[in-house]
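Here is a short briefing on one chain.

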Amino acid sequence: CGSSREEKKMEDRQTVGVGMGLRTRADGALEVTEIVPNGPVARSSQVQLGDVLKAVGGKNVGPTVSSARELLLGPAGSGVRLDFTRIQPNAVGSAVAFFGFD
């Protein structure tokens with residue numbers, strides 16, 4: 001019994017992340033604590049450790065990692081805009097990361 005085309009499409013479009021770790025700081029901000037080597041965020045070259053995640057796909061993120069996790073998962077190969085702040089000159093920036101895209 002073989003897989004149907006619809007099942008194959010679902011397998012091909014598995015849900016994946018953007019390749020970064022976050023923590024909630026004492027002030028409630030979501031800080032980037034890890035960037036997965038060769039992951040989508042790393043390949044964007046726009047995100048640094050210590051950056052604060054403000055929005056995902058135009059939606060503001062809440063003060064918990066779990067609130068952001070839902071927004072940071074998507075179909076492999078799709079893209080999402082991530083908005084950050086950084087404590088240094090040119091403090092606001094954004095990046096586009098593609099979920100699990102090699």
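**Surface and fold**

The chain has an accessible surface of about 6500 Å², and 51% of that belongs to carbon and sulfur atoms (Shrake-Rupley method, 1.4 Å probe). This is a predicted model: local features need pLDDT of at least 70, side-chain atom pairs count only at pLDDT 80 or more, and totals for chains, interfaces and linings use all residues. Residues are numbered from 1 along each chain as its sequence is written, and side-chain values use heavy atoms, with hydrogens and water left out.

**Architecture**

- The chain holds 3 helices and 8 strands (DSSP runs: H or I, at least four residues, for helices; E, at least two, for strands).
- Along the sequence the pattern is α-β-β-β-α-β-β-α-β-β-β.
- Of the 102 residues, 33% are buried (under 20% relative accessible area, 1.4 Å probe, protein chains only).

**Nonpolar core**

- The largest nonpolar core has 15 residues, and Met20, Leu53, Leu72 and Leu82 touch the most other members (a core is a set of buried Ala, Val, Leu, Ile, Met, Phe, Trp, Tyr and Cys residues joined through side-chain atoms within 4.5 Å).
- Strands S2 (20-24), S3 (30-35), S4 (52-56) and S7 (79-85) each supply at least two residues of this core.
- S7 gives the largest share, 3 residues.
- Beyond four places in sequence, the contacts of Met20 include Val32, Leu53, Leu72, Leu82 and Phe84 (heavy atoms within 4.5 Å).

**Glu31**

- Glu31 lies in strand S3.
- Glu31 is buried, at a relative accessible area of 15%.
- Its side chain makes a polar contact of 2.7 Å with that of Arg23 (a pair of N or O atoms within 3.5 Å, one able to donate a hydrogen and the other to accept it; residues adjacent in sequence count only if both atoms are side-chain atoms).

Terms used. Buried means under 20% relative accessible area, exposed over 50%, partly exposed in between (1.4 Å probe, protein chains only).
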